[in-house]
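Me: I would like a close look at one part of this model. Please keep it brisk.

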Amino acid sequence: MVLIDLNQEEVKRLIAIMQFSIAACPLGSISQEVEIDADKIENLIAKMEKGLE
């Protein structure tokens, strides 16, 4: 596990960036080494939002 210390505003910014990437970025061309798709990004967003509660 990796821990990164982010404040609430930083987490909110990351969530916004990830939500934008689902709609605007060709996710398939980001990396061949890391599997990235909309479902995985949405799962990360959900985790981050849960952490803000």
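What separates E9 and K12 in helix α1?

Reply: About one helical turn: the two residues sit 3 places apart in α1. Helices here are DSSP runs of H or I with at least four residues, strands are runs of E with at least two, and both are numbered from the N terminus. An α-helix has 3.6 residues a turn, so residues three or four places apart point the same way.

This is a predicted model, in which local features need pLDDT of at least 70 and side-chain atom pairs pLDDT 80 or more, while totals for chains, interfaces and linings use all residues. Residues are numbered from 1 along each chain as its sequence is written, and side-chain values use heavy atoms, without hydrogens or water.

The side chains of E9 and K12 form a salt bridge, at 3.8 Å from N to O. The term requires a side-chain nitrogen of Lys or Arg within 4 Å of a carboxyl oxygen of Asp or Glu. The whole structure has 1 such bridge. E9 is partly exposed, at 43% relative accessible area. K12 is partly exposed too, at 42%. Buried means under 20% relative accessible area, exposed over 50%, and partly exposed lies in between (1.4 Å probe, protein chains only).

Now the other side of the story: the core. The largest nonpolar core has 6 residues, V11, I15, M18, I41, I45 and M48. Such a core is a set of buried Ala, Val, Leu, Ile, Met, Phe, Trp, Tyr and Cys residues joined through side-chain atoms within 4.5 Å. The elements giving it two or more residues are α1 (8-24) and α2 (38-52). M18 is in contact (heavy atoms within 4.5 Å) with I41, L44, I45 and M48, leaving aside neighbours within four places in sequence.

On α2, the buried residues are I41, I45 and M48. They fall within an arc of 65 degrees seen down the axis, so they line one face of the helix. That arc is taken from the directions from the helix axis to the C-beta atoms. These buried residues pack against α1. The face turned away carries the exposed D39, N43, K47 and K50. At the start of α2, a side-chain oxygen of D37 comes within 3.2 Å of the backbone nitrogen of D39.

The setting is simple to state. The protein chain has 2 helices and 0 strands. Of its 53 residues, 15% count as buried.

Methods:
A polar contact is a pair of N or O atoms within 3.5 Å; within protein, one must be able to donate a hydrogen and the other to accept it, and residues adjacent in sequence count only if both atoms are side-chain atoms.
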